Amino acid sequence: MTAPKKKLYIKTYGCQMNVYDSTRMADVLAPIGFEAVDSPNGADMVILNTCHIREKAEEKVYSDLGRMRNHKRDKEKAGDGKMLIAVGGCVGQAEGAEIMRQAPYVDIVLGPQSYHKLPDMVQMAYRDGGGVVDLSFPELDKFDNLPAPSAATGRSAFLAVQEGCDKFCTFCVVPYTRGAEYSRRADDVLSEAKALVAAGVMELTLLGQNVNAYHGVGPDGKDWSLARLISALAKIHGLERIRYTTSHPRDMSDDLIALHGYEKKLMPYLNLPVQAGSSNILKRMNRKHTAEEYLSIIERVRAVRPDIALSSDFIVGFPGETDADFNATMALVETVGFAQAFSFKYSQRPGTPAADHAAQVDEDVKQTRLELLQGLLNRQQAAFNRRTVGKRVQVLFDKPGRFEGQLIGKTEYLQSVHVKNAAHLMGQLVDIDITDANNASLTGVLPEQGSDVPQTYIPDHKTTPSEERLHGV
Ligand code: 5AD
Ligand code: SF4
């Protein structure tokens with residue numbers, strides 16, 4: 001008789017890299033008998049995969065830890081055995097053993113570079129009753145030490161190709177929590193991609209804190225750029241869509257820009273954080289580029305791919321930001337016209353240079369600026385979505401909607417689309433006519449037979465065998 005599986009609950013905070021890491025932690029714990037579950041109630045192990053990027057994300061971890069302690073107590077009181085509590089991710093890395101001092105019921109603390117050691121750490125925690133901490137940055141590639149990913153469940157998957165950052169923007173904790181910039185070998189990325197595609201994945205999002213700085217060793221022994229890696233991935237039969245996130249303007253190389261013009265599997269969506277529109281603030285952020293340089297990159301990308309959906313990240317209220325600096329951010333947004341964006345109030349992070357700056361901006365000023373910026377970005381997003389109405393776009397369906405028979409999918413431009421009476425199209429890439437749009441999503445219908453709607457983008461499927469799948473049924 002095989003032993004019953006132990007229940008593993010992982011809560012993921014923060015970025016897509018953490019989402020990816022959580023799946024890999026589940027993979028690494030599967031061989032020692034753990035099975036992922038959706039609730040901490042009665043779980044044998046809980047992992048909080050945490051985010052340290054802003055204060056709010058960190059506070060959430062501490063409040064959730066209190067709730068996990070209650071689950072642990074309930075389980076032990078019920079005579080149902082021990083619940084291990086682990087804190088992983090960037091709060092684990094940044095706060096280390098301090099977490100155990102503040103929350104002594106935590107058994108394991110580990111940083112993002114130590115996931116392959118989890119099985120040993122779990123055994124140690126059972127043996128010693130907790131107190132296991134590993135915050136090392138190993139020389140060895142952590143990815144080499146992880147098992148092959150388990151079978152993917154959906155059509156869309158993340159694949160980490162690069163980790164860490166050497167840019168040291170003065171507001172950012174990433175270089176401290178994720179360590180130095182590191183690129184995986186191209187061969188390893190290609191074989192992981194092939195395994196995912198064999199399991200049914202049609203869309204891959206390549207991940208890295210600075211993904212366009214990718215320079216992994218290729219099978220020819222030379223360093224490959226991200227563009228080269230994407231070109232090789234695009235040859236994989238059955239892989240239909242490739243995305244990458246997130247990028248730094250300084251690493252937007254000529255070959256990557258050019259690729260947006262001719263590689264049909266590379267989706268017309270680009271998240272290129274600018275953070276601020278004032279070159280003075282950019283300098284103090286140590287971003288290594290001016291507002292004008294950013295605009296010129298955008299122009300070059302649009303020259304090769306005019307319909308590309310542009311996204312960015314913004315910080316308002318960076319120390320010393322004046323009204324004029326903030327207005328420069330608003331002006332940059334007006335100039336570019338974004339399809340979607342992320343914006344945040346500056347958050348002082350311990351250990352980063354900007355945190356000690358004397359000219360911190362008042363919280364209410366930050367709030368006012370954030371509302372103005374988000375108002376403008378939301379209007380731009382709504383306008384971008386409205387422009388899709390009346391067009392035919394390709395949608396990859398991978399989620400059921402709220403209503404019977406309704407599906408939710410994503411366009412090439414990463415917009416969410418709701419379509420009714422579409423249950424038979426789950427997991428397929430289908431042409432959809434967009435009939436309506438609101439700020440956050442689109443509504444569409446299947447094209448009527450023989451109807452002729454102008455396409456926004458005509459994909460070239462010559463290299464793929466998926467013609468039947470495209471039209472479903
Ligand atoms: N305060 C606010 N936002 C931040 N970000 C990074 N560090 C901070 C901080 N200290 C934002 C940046 C980055 C995104 C992932 O988070 O916009 O691009
Ligand atoms: Fe942080 Fe990105 Fe700057 Fe690196 S490039 S320090 S991850 S904001």
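Colleague: How far is an oxygen atom of ligand 1 from an N or O atom in the side chain of R54?

Modeller: This is a predicted model, in which local features need pLDDT of at least 70 and side-chain atom pairs count only at pLDDT 80 or more, while totals for chains, interfaces and linings use all residues. Residues are numbered from 1 along each chain as its sequence is written, chains are lettered from A and ligands numbered from 1 in the order in which they are written, and side-chain values use heavy atoms, with hydrogens and water left out. For an oxygen atom of ligand 1 and the side chain of R54, the distance to an N or O atom is 2.9 Å.

Colleague: Which residue has an N or O atom in its side chain 2.6 Å from an oxygen atom of ligand 1?

Modeller: The shell around ligand 1 (residues with a heavy atom within 4 Å of it) includes I53, D313, Y346 and R349. F171 has a polar backbone atom 2.9 Å from a nitrogen atom of ligand 1. The residue whose side chain has an N or O atom 2.6 Å from an oxygen atom of ligand 1 is Q275.

Colleague: What share of the area that ligand 1 exposes alone does the protein bury?

Modeller: Accessible areas come from the Shrake-Rupley method with a 1.4 Å probe. Taken alone, ligand 1 exposes 400 Å². Of that area, the protein buries 86%.

Colleague: Which side chain meets that of R349 in a salt bridge?

Modeller: By an automatic or database domain assignment, domain 1 spans 6-134 and domain 3 spans 268-386. Between domain 1 and domain 3 there is 1 salt bridge (a side-chain nitrogen of Lys or Arg within 4 Å of a carboxyl oxygen of Asp or Glu). At 2.6 Å from N to O, the side chain that R349 meets in a salt bridge is that of E58.

Colleague: Which residues of domain 1 lose the most area to domain 3?

Modeller: The size of an interface is often given as the accessible area lost when the parts come together. Domain 1 and domain 3 bury about 450 Å² between them, summed over both, with 44% of it on carbon and sulfur atoms. Together accounting for 80% of what the domain 1 side buries, the residues that lose the most area are H52, R54 and E55.

Notes:
Buried area = accessible area lost by both parts, 1.4 Å probe. Polar contact = N/O pair within 3.5 Å; in protein donor to acceptor, adjacent residues only side chain to side chain.
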